[in-house]
Amino acid sequence: ISMDTVAGQRAFSDKFALPFPLLADTSGAICDAFRVVHPKNKPRRETFLFRKGRLVHHDRAVNPKEQANDVLRRIEELRSR
């Protein structure tokens, strides 16, 4: 989810051939609902993982270079429970 426009999200998705949909939160309503700070429409990068509708992981201190690996590692940890 990003505060970028729908067109911006589509261009990003196309550029990287993402196999999943991206959401455009142009009003910041989703950021507000999840209490993600977004000064000047630039939300702080955070990760939320849900399982069966329940929040099971929240990372407020995301390292962009490690985010994908961190998420995959956390998914594996949750699977083994």
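1. A definition to start with: helices here are DSSP runs of H or I with at least four residues, numbered from the N terminus. Under that scheme, Ser13 sits in helix H1. Please keep in mind throughout that this is a predicted model.

2. Is Ser13 buried or exposed? Its relative accessibility is 14%, and buried means under 20%, so Ser13 counts as buried. Beyond the neighbours within four places in sequence, the contacts of Ser13 are Leu18, Phe20 and Leu22.

3. Stepping back to the fold, the protein chain has three helices and two strands, and their order along the sequence is α-α-β-β-α. The C-alpha trace spans about 40 × 30 × 25 Å along its principal axes. Of the 81 residues in the protein chain, 23% are buried. If we take contacts between residues at least 6 apart in sequence, 19% of them join residues at least 24 apart.

4. Helix H3 (67-79) deserves a check of its geometry. Its 13 residues, at 1.5 Å a residue, should span 18 Å, and the end C-alpha atoms of H3 are 18 Å apart, so the two agree.

5. Which residues of H3 are buried? They are Gln67, Val71, Arg74 and Leu78. These four lie on the same side of H3, because they cover an arc of only 65° around the axis. The general rule behind this is that an α-helix has 3.6 residues a turn, so residues three or four places apart point the same way.

6. The opposite face is worth a look too. Turned away from the buried side of H3, it carries the exposed residues Ala68, Leu72 and Arg79. As for the buried residues of H3, what covers them includes S1 and strand S2 (54-59).

7. Where does the lining come from? Helix H1 (6-16), helix H2 (29-33), strand S1 (47-51) and helix H3 each supply at least two residues to the lining of the largest pocket. Sorted by class, that lining has 21 nonpolar, five polar and six charged residues.

Conventions: Residues are numbered from 1 along each chain as its sequence is written. This is a predicted model: local features need pLDDT of at least 70, side-chain atom pairs count only at pLDDT 80 or more; totals for chains, interfaces and linings use all residues. Side-chain values use heavy atoms; hydrogens and water are left out. Ala, Val, Leu, Ile, Met, Phe, Trp, Tyr, Cys and Pro count as nonpolar, Asp, Glu, Lys and Arg as charged, and the others, Gly among them, as polar. The expected span of a helix is 1.5 Å times one less than its number of residues. Buried means under 20% relative accessible area, exposed over 50%, partly exposed in between (1.4 Å probe, protein chains only). The arc is that of the directions from the helix axis to the C-beta atoms. Contact means heavy atoms within 4.5 Å.
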